[in-house]
Structures are given as structure tokens and as C-alpha cells.
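Reader: I have not looked at this structure before, and I would like to learn how to read its features one at a time. Could you take me through them slowly?

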Amino acid sequence: GLFTLLLGLSAVAALWWFGGKQEPTDEYVVVTTSNVTGLNQQAQVRYRGIRVGKVTDIRLDPEDTSNILITISVTDDLPLTRGTVAKLAYQGVTGIAHVLLIDTGKNPEPLVADHGKPPRIAMIPSLLEEIGDSGSATLRQVQEVMASANALLNEENRRRFSATLANLESASGSMKPAV
């Protein structure tokens with residue numbers, strides 16, 4: 001009986017030892033309407049580049065299905081404020097997505113739970129989204145410039161421009177060279 005008791009205590013001690021230390025954490029909900037491609041549960045959460053937690057859940061908002069709710073668990077000593085925003089970032093060449101928390105400094109009031117619900121953090125567009133949006137806007141502007149150039153260089157204007165060049169050539173041909 002003593003052997004069984006010692007074996008059981010050894011198994012519990014081994015589980016506690018290999019289970020790792022459990023840090024106290026707080027939960028927050030990141031809200032976005034953007035795509036979260038590449039983000040999965042257990043993905044890292046970083047604050048100014050330092051790993052501070054992980055993603056515990058990703059789901060659609062039952063109250064507004066245009067929102068995606070990302071539940072994150074971070075260390076409880078993290079100084080998150082109402083000025084904190086989240087951004088979807090990608091790690092290295094592998095493209096593994098993680099949540100990056102950024103304190104904008106706009107509102108230093110600490111984030112606190114509201115009626116038992118975890119505090120919400122807004123997600124701002126990532127660099128890739130900004131590039132994609134500005135790229136499509138630039139493409140539209142280039143298309144407008146090309147349409148304007150085509151309208152300006154219609155058949156009649158090209159004929160007039162050719163006539164003007166011919167007149168300039170004949171006028172410059174009759175001029176004496178400057179000495």
C-alpha cells in the first residue's frame with residue numbers, strides 16, 4: 001500500500017513539475033471587421049515585440065456577425081489602457097500571424113472589465129491591408145489619368161498638334177542662324 005501511495009505522489013509531483021508554471025492572466029477581446037487569415041488559436045500575443053500571451057478563441061460576434069471576436073489571454077501585469085489597439089502582424093518569412101498590441105498613448109485610463117465581460121480592444125488595419133488599400137486607390141488614379149490623356153489626345157487634337165509642329169518647322173527653317 002505504501003508503494004502505491006508513493007507512486008501516486010510521484011506521478012502528481014511529475015505532472016506538477018512538467019506542467020510548467022502557471023502565470024496569472026487576464027482575458028481581453030480584440031474586435032475586428034477585417035480578415036484574420038493565418039491567425040489561429042494558440043497564436044502569440046505580443047506587446048511592443050515581447051511575447052505576453054496567446055490567442056484562446058476566434059469566433060464571429062453573435063450580436064453582429066460583421067465583427068470577428070478574438071479572445072486573448074495575457075499576463076495580468078500588462079499595462080493595457082483604453083489607448084491600446086491591436087494589429088495583425090506576421091512573423092518573418094513563414095508568415096505566421098500573431099496579435100500585436102500597441103499603446104497609442106491617446107487614453108492612459110486602464111482597461112477594466114465591464115459587467116463581468118472582458119474588456120474590448122479595437123484592431124487597426126495591418127501593414128498589408130494598408131498597402132493593398134493604397135495600391136488599389138493608386139491604380140484607380142492611374143486609370144483616371146490614362147482616360148484623361150486618351151480624351152486629350154483624340155484624333156482632332158493630334159491633327160492640330162501635327163499642324164502646329166509643321167508650322168514651327170517651316171518658321172524655324174526660314175530664320176537666319178544667330179552669330
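Reader: Of the 179 residues of the protein, what percentage count as buried?

Author: This is a predicted model, and in it 24% of the 179 residues count as buried, where buried means under 20% relative accessible area. The overall dimensions can be read beside that value: the radius of gyration is 32 Å, whereas a compact globule of 179 residues would have one near 16 Å, and the C-alpha atoms fill a box of roughly 120 × 40 × 35 Å along the principal axes.

Reader: How many helices and strands does the protein have?

Author: There are three helices and seven strands, and along the sequence they follow the pattern α-β-β-β-β-β-β-β-α-α.

Reader: In what order do the seven strands close into a barrel?

Author: As a general idea, strands of a sheet pair through backbone hydrogen bonds, either parallel or antiparallel. Here the seven strands close into a barrel in the order β1-β4-β3-β2-β6-β5-β7, with mixed pairing, and neighbouring strands of this sheet are turned by 35 degrees against each other on average, direction ignored.

Reader: Which residues stand opposite T71 and I68 in β4?

Author: T71 has V29 opposite, and I68 has L60 opposite, while L69 is the bridge partner of R59. Strand β4, residues 68-75, pairs in the antiparallel sense with β1, residues 25-32, over eight bridges, and also in the antiparallel sense with β3, residues 50-60, over seven bridges.

Reader: Is strand β4 mostly covered or mostly uncovered?

Author: Strand β4 is mostly covered, since eight of its eight residues are buried.

Methods: Residues numbered from 1 in each chain as written. Predicted model: local features only at pLDDT ≥ 70, side-chain atom pairs only at ≥ 80, totals over all residues. Heavy atoms only, no water. Buried < 20%, exposed > 50% of the residue type's maximum accessible area, 1.4 Å probe, protein only. Helix = DSSP H or I, 4+ residues; strand = E, 2+ residues; numbered from the N terminus. Pairing = 2+ DSSP bridges. Axes fitted to C-alpha atoms, helices over the stretch in contact; angles between N-to-C directions. Rg over C-alpha atoms; globule rule 2.2 N^0.38 Å.
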